Amino acid sequence: MRKDEVVTDEHPAGGSAAHGAADEELVRALYREHAGPLFTFVLHLVAGDRQRAEDVVQETLVRAWRNIHRLDPQADSLRPWLVTVARRIVIDDHRSARVRPHEVNTEALEHLPAEDEIERALRMMTVGDALAELSPAHREVIVETYLKGRTAKEAAAELGIPAGTVRSRVYYALRSLRLALEERGVTS
């Protein structure tokens, strides 16, 4: 900003429309005069990250707009103030990044194959067909223990048979189920 530019004493959030227009023109003048050199300076601070540098320059100019009532109209240039603000923004971002957990890049996950729903459906149909070949007594104990997650004692209470019988039926049902699945080409 040059000496001949006018700075108002009104804060951007308040004041008349005339002050708002003057503030807006002042911010435009700041941008025209300082954005390029400020971007170059910030680009070095952020190790060449152009997007981050643009964000820092934008934030710096927003802070200048918010504090326009504090800016010294007698100063030869506001660039030292803008550079200091930009440097502090970069430092604050660096400090907060060290405190935050490291963000994981999920780009690699996009290349992992998703679980094939058709394959899963075919497996479920095959298991269903194999279960259908079991005797009703064997199928009952498999449903109670494996599909419903009950213990042998809980399944025995549900089915009204001794726990030893449940364990014996589970053993023979699994053996028959394994054979039925192998016949269908499913291997363990």
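Colleague: Which helix does Leu 122 lie in?
Modeller: Leu 122 belongs to helix α4, residues 117-133. Helices (H or I, at least four residues) and strands (E, at least two) are DSSP runs, numbered from the N terminus. Residues are numbered from 1 along each chain as its sequence is written. The model is predicted, so local features need pLDDT of at least 70, side-chain atom pairs count only at pLDDT 80 or more, totals for chains, interfaces and linings use all residues, and side-chain values use heavy atoms, without hydrogens and water.

Colleague: How many helices and strands are there in the protein chain?
Modeller: The protein chain has seven helices and zero strands. Along the sequence the pattern reads α-α-α-α-α-α-α.

Colleague: Why is Leu 122 called partly exposed?
Modeller: Buried means under 20% relative accessible area, exposed over 50%, and partly exposed in between (1.4 Å probe, protein chains only). Leu 122 has a relative accessible area of 44%, so it is partly exposed. Of the 188 residues of the protein chain, 26% count as buried.

Colleague: Which residues of helix α5 are buried?
Modeller: In α5, residues 136-147, the buried ones are Val 141, Ile 142, Glu 144 and Thr 145. These buried residues pack against α4, α6 (152-159) and α7 (163-183); contact here means heavy atoms within 4.5 Å. Just after α5 comes Gly 149, with a positive phi of about 70°.

Colleague: What share of contacts between residues at least 6 apart in sequence join residues at least 24 apart?
Modeller: In the protein chain that share is 61%.

Colleague: What is the phi of Ala 47?
Modeller: Most residues other than glycine have a negative phi. Ala 47 is not a glycine, yet its phi is positive, about 55°. Ala 47 sits in the loop between α1 (17-45) and α2. With a relative accessible area of 76%, Ala 47 is exposed.

Colleague: How much space lies in the largest pocket?
Modeller: On a 1 Å grid over the protein atoms alone, a pocket is an open set of points where a 1.4 Å probe fits, with protein on both sides within 12 Å along at least five of seven lines; lining residues have an atom within 4 Å of a point. Grid points are joined across faces, edges and corners, and a volume is the space filled by probe spheres set on the points. For the largest pocket this gives about 180 Å³. Eleven residues line the largest pocket, and Arg 52, Val 90, Asp 93, His 94 and Ala 97 are the closest to its centre. The elements giving two or more residues to this lining are α2 (50-66) and α3 (79-99). The largest share, five residues, comes from α3.
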